[in-house]
Amino acid sequence: MKIAIVCYPTFGGSGVVATELGLELARRGHEIHFITYSQPVRLALLNPNVHYHEVNVPEYPLFHYQPYELALSSKLVDMVKLYKIELLHVHYAIPHAYAGYMAKQMLKNEGIHIPMITTLHGTDITLVGNHPFYKPAVTFSINKSDYVTSVSQSLKDDTLKLFNIKNKIKVIPNFIELDKVKKDPDAPCHRYVMAKENERIITHISNFRKVKRIPDIIKIFYNIQKEIPAKLMMVGDGPEKEKAEILCQELGIYDKVIFFGNSNEIDKILCFTDLFLLPSETESFGLAALEAMSCGVPVISSNSGGLPEVNFEGYSGYLSDVGNVEEMAVNALKILKDDATLNVFKANALEVAKKFDIKNILPKYEALYQKAINDYKEIK
Ligand code: GMT
């Protein structure tokens with residue numbers, strides 16, 4: 001199949017999922033065209049089936065806002081025609097589903113009929129998409145998609161609650177490539193660089209936006225390090241990072257917290273991590289938690305959104321109400337208290353992650369693509 005994938009190219013779950021999906025599809029012989037404004041951070045182009053087309057938005061003094069949707073839909077039209085692309089798969093409704101629909105209409109005008117699948121990722125529904133300024137356009141473009149998928153049951157429920165959706169929504173959970181994680185089990189894990197032998201290593205990875213409740217992470221860690229020797233690895237960058245650094249200074253724990261900034265070596269950090277923290281206000285899925293679990297790292301998370309579909313209470317970790325940092329710290333200590341307990345949770349986390357292996361999830365996308373393309377053969 002020849003598939004165009006539209007996504008955000010930045011460090012963020014939706015872009016990561018779209019990129020990893022495209023790369024695996026390419027490995028399976030499909031021709032994949034990534035169409036976005038810069039090269040996705042996890043995209044390696046060394047595969048003859050992977051193409052990347054950059055969307056350029058020329059500056060013009062009249063524009064206060066650059067018309068990205070316009071440039072994206074034009075690029076989609078051009079690439080569909082040039083490469084005979086058979087399907088559009090857009091990740092994140094805003095503005096990708098809207099631009100994709102416009103491209104479909106322009107192509108239809110020229111006698112080219114192409115299906116579009118929209119994958120909802122979370123904030124495009126719960127935080128941003130639900131804003132009254134966007135809602136009519138988001139509702140319209142979801143309803144005009146040929147197929148809609150969501151990354152969790154919880155996100156599907158939220159979408160149906162918040163929007164007037166006529167389309168069916170199919171849940172296809174996010175995934176992890178376990179083979180990649182296991183690629184080199186004997187690769188050195190430089191734990192000693194980061195912590196002393198008796199210290200537990202706790203990690204958080206995100207884009208440091210408000211929704212991640214970064215101060216909660218610092219408070220949970222503060223409570224943990226009062227009881228046991230521990231270090232906190234803060235990986236990522238975003239608007240809440242500086243405040244977090246100040247909070248660590250105020251609490252007198254700055255020397256126990258390492259702020260990495262954005263990293264392309266997540267696997268290396270997770271390799272020596274004992275516990276992952278994700279106390280978010282909401283998470284449609286929590287891909288970062290799944291990535292941690294695939295490295296055998298248990299998770300302390302909030303119980304909001306799709307997190308209970310990924311982190312299993314008392315098995316791969318624990319879940320608490322949003323903001324209940326005391327309980328989260330107590331649960332963290334339950335896991336970290338001795339090696340035997342920690343090792344059970346580590347094994348369980350990996351066990352749950354296996355359920356989300358790309359080998360189990362990718363065929364669901366392939367089947368949907370095939371169905372969408374077949375539907376359109378009848379239209380042609
Ligand atoms: O919240 C983020 O970290 C970024 C955001 C995105 O759009 O990239 O993540 C959303 O999509 C991810 C991939 O499907 C999910 O794993 C995240 O849970 C979701 N974030 C939220 O719902 C807040």
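1. Start with the ligand: 18 residues surround it, the closest being Ser 14, His 121, Asn 174, Arg 209 and Glu 283. A residue counts as near if one of its heavy atoms lies within 4 Å. Keep in mind that this is a predicted model, where local features need pLDDT of at least 70, side-chain atom pairs count only at pLDDT 80 or more, and totals for chains, interfaces and linings use all residues. Residues are numbered from 1 along each chain as its sequence is written, and side-chain values use heavy atoms, with hydrogens and water left out.

2. By class, the shell has 11 polar, three charged and four nonpolar residues; Gly goes with the polar ones, and Asp, Glu, Lys and Arg are the charged ones.

3. Where does the ligand lie relative to domain 1 and domain 2? Domain 1 (2-175 + 358-379) and domain 2 (179-354) both contribute to the shell, so the ligand lies between them. Those bounds come from an automatic or database domain assignment.

4. Now the polar contacts (N or O pairs within 3.5 Å). A polar side-chain atom of Asn 174 is 2.8 Å from a ligand oxygen. A polar backbone atom of Gly 286 sits 2.9 Å from an oxygen of the ligand, and for a backbone N or O of Phe 285 the distance to a ligand oxygen is 3.2 Å. The protein buries 94% of the 480 Å² that the ligand exposes when taken alone (Shrake-Rupley, 1.4 Å probe).

5. Elsewhere, there's an open, parallel sheet of six strands, ordered β10-β9-β8-β11-β12-β13. Strands are DSSP E runs of at least two residues, paired if DSSP finds at least two bridges between them.

Methods
A polar contact is a pair of N or O atoms within 3.5 Å; within protein, one must be able to donate a hydrogen and the other to accept it, and residues adjacent in sequence count only if both atoms are side-chain atoms. Helices (H or I, at least four residues) and strands (E, at least two) are DSSP runs, numbered from the N terminus.
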